[in-house]
Amino acid sequence: MRWTRRLRLCAAVAVPAFALTAAPVAVPAAEARDDRLTDLVDPFVGTANEGNTFPGAAVPFGMVQLSPDTGHSTGYDHGQDRVRGFSLVHLSGVGCRIGGDLPVLPTTGDVTRTDYAKYAAVFSHDTERASPGYYRVGLSTVTGGTGGTGGTGGIGAELTASARTGVQRYTFPATGKANILLNAAQALHKPVAAKVEILDDRTVRTAITGRGFCRDTRPYTVYTVTRFDRPFTAYGTWDGSRVTAGSRTGHGGAYVRFDTTEDRTVEATTALSYVDAAGAAGNLAAEGGRSFDAVRDAARRSWERRLGDVRVRGGDAVLRRTFYSALYHSFLAPNTGSDADGRYTGWDGRIHRARGFTYYQNWSLWDTYRTQAPLLALLAPRESRDMAISVIRVAEESGWLPKWGYGTVETNVMTGDPVTPFLTNAYQQGLLKGYEERAYRALRRNADGVPPADSPAVGRDANPDYLARGYVPYRKGHEPAKPGHSDYAFGASATLEYALSDAMLAQMARALGHHRDAARYAARSRAYRELFDPATGFFRARDASGAFTGPADPARGVGFHEGTSWQYQWLVPQDLPGLVRLIGGRRAANERLDAFFAYADLLRDPERTVRETWVSGPYAYYDADKYNPMNEPDLAAPYTYLSTGQPWKTADVVHAALTLFTDEPAGLSGNDDLGTMSAWNVLASLGLFPVQPGYPAWGLSTPVFERVDLRLDRGYYPRGGLTITAPGTSREARYIQSVRAGGVPHDRTYLTTRALRSLGTLSYTVGPRPSAWGTSARAAPPALR
């Protein structure tokens with residue numbers, strides 16, 4: 001699982017020109033500056049072993065993610081050595097192809113090929129550098145495509161970004177045929193239509209329509225306008241494989257040519273809009289016009305401000321790099337969806353305007369509600385409020401809340417009801433002031449109904465049976481009438497997810513005074529009991545007749561989405577005391593947890609157990625009876641020990657799982673899924689975890705740093721600073737001996753969000769052996785009633 005150490009970028013070093021024959025620039029670790037947290041971030045983390053992150057340039061929550069595409073389905077794979085182009089849109093860590101719009105590639109010579117798989121350029125990792133908001137690489141040759149490199153040492157490519165623009169700088173050899181190819185008809189998504197127009201001797205405009213994700217989707221369109229810093233000397237377009245010199249319009253792509261015999265550098269700024277061509281032009285006017293270096297400096301400053309909300313002390317250099325790389329990935333999405341003038345395309349296909357907030361899009365909710373959304377609510381409350389308002393606007397404009405949204409469309413990927421804990425989390429964190437009832441109306445409609453046939457949403461498609469029977473019956477291979485997944489095909493896990501969401505909605509309903517609704521949802525939150533098979537002691541899928549179905553072996557049962565009954569049995573955060581009673585009490589529950597985590601082996605050899613017993617592959621979701629830290633259903637499982645009287649075992653499991661995260665390309669645990677796994681790393685490292693997602697309860701475990709200073713306010717909360725200390729914490733001294741919250745002894749294994757924001761200090765005393773801290777029955781997070 002370890003990769004050879006790659007030479008690292010230190011953003012403070014400027015490399016003004018590219019020479020592929022020169023030795024790569026390496027910056028000694030001693031030169032890294034403590035006050036520049038961007039120096040600790042490596043965007044290449046997660047680009048191997050199906051982490052599916054991208055190394056290119058973006059700003060926090062930006063619309064544009066300008067990054068190289070190497071041929072991998074989601075963009076970039078560290079194991080490949082050819083770049084097809086630098087495209088505008090990427091989702092960090094997703095498992096299905098999407099985005100990759102407008103791949104741009106510099107070449108030299110005559111333009112003869114239009115398939116970017118054939119004109120792809122060779123590169124070496126030795127010439128790659130990346131830091132937050134910046135990427136560079138040397139392109140050495142072009143394979144069988146648009147001509148050679150003139151034998152003069154290749155082309156240098158640099159990328160940076162603002163919120164709605166991507167800025168490119170290309171350094172060519174001395175040649176009269178320096179080309180830049182703009183490929184409108186090829187992308188990571190399924191192409192539907194493309195149009196390219198050369199507007200004048202500096203400007204190219206495109207409209208690109210695509211569709212698809214894990215399943216098919218409705219089409220969506222992105223609009224771009226690219227402005228170069230100097231006039232072209234020639235240009236042309238192509239349709240299919242036919243290239244027409246001098247043509248100004250086409251449906252495949254365009255090339256523009258420059259003479260670089262004297263001035264070897266060409267800069268270009270591309271603006272993106274999901275609204276229309278005028279939106280792209282407006283975004284270019286609002287954010288363009290600056291030099292590459294000015295945009296790069298601004299991007300770095302924006303990341304310094306964002307990363308500066310969390311300052312850690314202690315731990316070695318690898319641990320700090322791993323942590324800040326994870327924090328960086330946590331802030332990449334959701335993404336800005338509104339243009340500079342506030343306009344955005346809603347899920348109803350119409351143009352709306354955001355007034356007083358930024359409209360966001362890209363909702364990997366099945367993943368992010370568990371870790372990343374609570375983390376953002378804590379560290380980025382202002383943006384999190386806008387994100388929640390955006391989801392409410394989706395419901396009001398399209399008629400239904402999202403499940404897994406990409407851009408302007410619903411993909412209906414994954415199952416359950418993840419939008420409910422996402423929005424109830426925002427409510428419980430105090431982020432929906434003025435929107436409480438609007439959010440509640442949308443949530444109630446979602447929880448009690450099914451989207452109509454003319455809606456693109458699937459919603460809780462199994463609600464009729466769930467409400468009538470108290471569970472979702474399993475129907476093997478069931479497909480909905482619309483693109484996406486059906487909850488019936490995963491009846492067991494869908495039941496557990498519905499019940500979790502009902503529990504969170506009950507808490508919101510009660511707080512808003514909707515007491516009858518609250519009682520109704522609270523009763524439904526106990527639906528998990530309908531799946532419990534006393535004969536096996538595990539959850540099992542049930543068919544429409546009520547009979548348990550599928551193999552009795554909980555490692556091979558049916559009806560669970562990306563997991564098994566062993567893994568899903570802990571997904572009852574609303575009532576862990578009730579689950580423990582079903583299993584047979586604390587002793588039985590702890591024995592099962594120990595078996596699940598291979599706990600005896602873990603104590604003897606944690607890293608081997610993690611890599612050989614827990615992890616068998618990035619997509620190995622089924623036929624397993626052990627913890628899978630690479631996938632979402634298991635993310636909260638280590639914290640179950642907080643409810644069984646053995647909190648020290650949470651420290652054992654969490655600290656072992658953290659060894660899966662490194663500062664290498666393969667240093668992520670599974671698909672990052674828009675920051676979900678990275679946020680797990682951040683939260684676990686801080687010793688805070690949202691053990692009841694959708695409700696403001698944070699489980700406590702041992703921090704990995706001796707001190708962490710969190711700035712929680714960002715101008716949103718009146719008191720927002722928290723300092724966490726754990727002097728002497730280490731892999732050996734990982735057990736909590738005592739906790740003081742705001743200077744007062746604290747013997748419970750959890751805190752509320754209100755407490756975190758008000759107590760100022762959270763102090764741990766740690767040691768090399770377990771203690772009695774947190775072991776009493778009253779110490780555990782309570783059930784939600």
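Residues are numbered from 1 along each chain as its sequence is written, and side-chain values use heavy atoms, with hydrogens and water left out. Because the model is predicted, local features need pLDDT of at least 70 and side-chain atom pairs count only at pLDDT 80 or more, whereas totals for chains, interfaces and linings use all residues.

Pro 132 lies in the loop that separates β6 (129–131) from β7 (134–142), where strands (E, at least two residues) are DSSP runs numbered from the N terminus. With a relative accessibility of 2%, Pro 132 counts as buried, a term that denotes under 20% relative accessible area (1.4 Å probe, protein chains only). When residues up to four places away in sequence are set aside, Pro 132 touches Thr 38, Val 41, Pro 43, Arg 300, Trp 303 and Tyr 328, contact being defined as heavy atoms within 4.5 Å.

Ile 180 belongs to strand β10 (residues 178–183), in which 6 of 6 residues are buried. One side of β10 carries Ala 178, Ile 180 and Leu 182, the other Asn 179, Leu 181 and Asn 183, and both faces are covered. Strands are taken to pair if DSSP finds at least two bridges between them. Strand β4 (residues 104–108) runs antiparallel to β10 and is joined to it by 5 bridges, with Pro 106 standing opposite Ile 180. An antiparallel pairing over 6 bridges also links β10 to strand β17 (residues 253–258), and here Leu 182 stands opposite Ala 254.

How values were computed. Helix = DSSP H or I, 4+ residues; strand = E, 2+ residues; numbered from the N terminus. Buried < 20%, exposed > 50% of the residue type's maximum accessible area, 1.4 Å probe, protein only.
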